[in-house]
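Here are my notes on the model you sent over. Have it open while you read, and go through the points in order.

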Amino acid sequence: MQDLIFDSTSDSMTQKFAKKLAKHLKQGDCLALIGDFGAGKTTFVKGLAKGLRIGCDQYVSSPSFVILKVYQGKLPLYHFDLYRLSHLKDFDDIGLDEFLSGRGVSVVEWADRTENLHIPWGLRIEFIVSGQSSRRLKLYGRSARLKKILKNIKL
Ligand SMILES: Nc1ncnc2c1ncn2[C@@H]1O[C@H](COP(=O)(O)OP(=O)(O)OP(=O)(O)O)[C@@H](O)[C@H]1O
Ligand SMILES: [Mg+2]
């Protein structure tokens with residue numbers, strides 16, 4: 001069972017929600033984003049970046065061709081996209097481990113792309129396309145702290 005369902009009706013609504021959530025995140029938090037092409041994962045990361053006070057000069061886009069982008073804000077944001085990495089056997093290959101023990105927040109698009117890659121997520125978010133400009137986000141928190149954040153977030 002998910003801890004929260006968020007129904008978004010626009011790009012900016014998804015970003016605002018992510019921005020709000022970002023303010024509660026801490027060093028070492030890892031977010032796994034699951035969903036089809038165009039489901040809104042990168043849009044969500046743009047909102048996270050705003051919430052972490054990452055300047056607009058650091059343009060957030062899908063890092064599909066580079067695996068990882070790092071943005072500097074209140075906390076660093078490590079933005080992974082595993083779409084092209086279906087051959088990976090474990091996340092030692094991308095060094096996610098190192099980032100999780102680092103100073104920032106990690107967010108992983110296509111976290112379910114490789115079966116054997118068990119992303120140690122704290123927050124799992126499934127993006128479902130429910131209409132041309134509507135998206136349903138299902139959020140799951142692993143720890144008591146993250147579950148509580150989802151429970152108390154003001155929508
Ligand atoms: N409610 C909404 N929330 C988020 N994006 C929306 C919404 N409505 C429409 N969109 C549009 O859907 C697209 C989402 O693209 P985005 O790059 O965020 O998806 P993605 O899940 O990262 O895809 P990919 O797997 O290809 O990286 C954008 O063009 C965005 O403007
Ligand atoms: Mg993307």
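**Notes on the model**

1. Thr9 is exposed, with a relative accessible area of 53%. The cut-offs used here are under 20% relative accessible area for buried, over 50% for exposed and partly exposed in between, with a 1.4 Å probe and protein chains only. Thr9 sits in the loop that runs between strand 1 (4-8) and helix 1. Helices (H or I, at least four residues) and strands (E, at least two) are DSSP runs, numbered from the N terminus. From Thr9 to Ile34 you go 25 residues in sequence and 19 Å in space, C-alpha to C-alpha.

2. A word on the ground rules. This is a predicted model, where local features need pLDDT of at least 70, side-chain atom pairs count only at pLDDT 80 or more, and totals for chains, interfaces and linings use all residues. Residues are numbered from 1 along each chain as its sequence is written, chains are lettered from A and ligands numbered from 1 in the order in which they are written, and side-chain values use heavy atoms, with hydrogens and water left out.

3. Now the ligand. Which residues come nearest to ligand 1? Out of 19 residues around it, they are Asp11, Thr14, Lys41, Thr42 and Thr43; a residue is near if one of its heavy atoms lies within 4 Å. By type, the shell around ligand 1 splits into three nonpolar, 11 polar and five charged residues. In that count Ala, Val, Leu, Ile, Met, Phe, Trp, Tyr, Cys and Pro are nonpolar, Asp, Glu, Lys and Arg are charged, and the others, Gly among them, are polar.

4. Some polar contacts with the ligand deserve a look. A polar contact is a pair of N or O atoms within 3.5 Å; within protein, one must be able to donate a hydrogen and the other to accept it, and residues adjacent in sequence count only if both atoms are side-chain atoms. Asp11 puts a polar side-chain atom 2.6 Å from an oxygen atom of ligand 1. Ser8 has a polar side-chain atom 3.0 Å from a nitrogen atom of ligand 1. With Ser133 the backbone is involved: one of its polar backbone atoms is 3.1 Å from a nitrogen atom of ligand 1. On its own ligand 1 exposes 650 Å², and the protein buries 75% of that; these areas come from the Shrake-Rupley method with a 1.4 Å probe, and for residues only the protein chains shown count as cover. Helix 1 (11-22) and helix 2 (41-51) are the elements giving two or more residues to the shell around ligand 1. Helix 2 gives the most, with three residues.

5. Check Arg135, in strand 7 (residues 134-141). Arg135 is buried yet has no salt bridge, and the nearest side chain of opposite charge, Asp11, is 7.8 Å away. Lys and Arg count as positive here and Asp and Glu as negative, while His and the chain ends are not counted. What does the side chain of Arg135 reach? It reaches the backbone oxygen of Gly131 at 3.0 Å and the backbone oxygen of Gln132 at 3.3 Å.

6. How many salt bridges does the structure hold? There are four, each a side-chain nitrogen of Lys or Arg within 4 Å of a carboxyl oxygen of Asp or Glu. One of them pairs Lys147 with Asp3, the closest N and O atoms being 3.2 Å apart. This pair links distant parts of the chain, with Lys147 in helix 4 (residues 144-152) and Asp3 in the segment before strand 1, 144 residues apart. Lys147 is partly exposed at 36%, and Asp3 is partly exposed at 28%.

7. Another salt bridge joins Asp7 and Arg136, with the closest N and O atoms 2.8 Å apart. Here Asp7 in strand 1 is linked to Arg136 in strand 7, 129 residues apart. Asp7 is partly exposed at 38% relative accessibility.

8. Asp29 and Arg145 also form a salt bridge, their closest N and O atoms lying 2.6 Å apart. Asp29 is in the loop between helix 1 and strand 2 (30-34), and Arg145 is in helix 4, 116 residues apart. Is Asp29 buried or exposed? Asp29 is buried, because its relative accessible area is 8%, whereas Arg145 counts as partly exposed at 29%.
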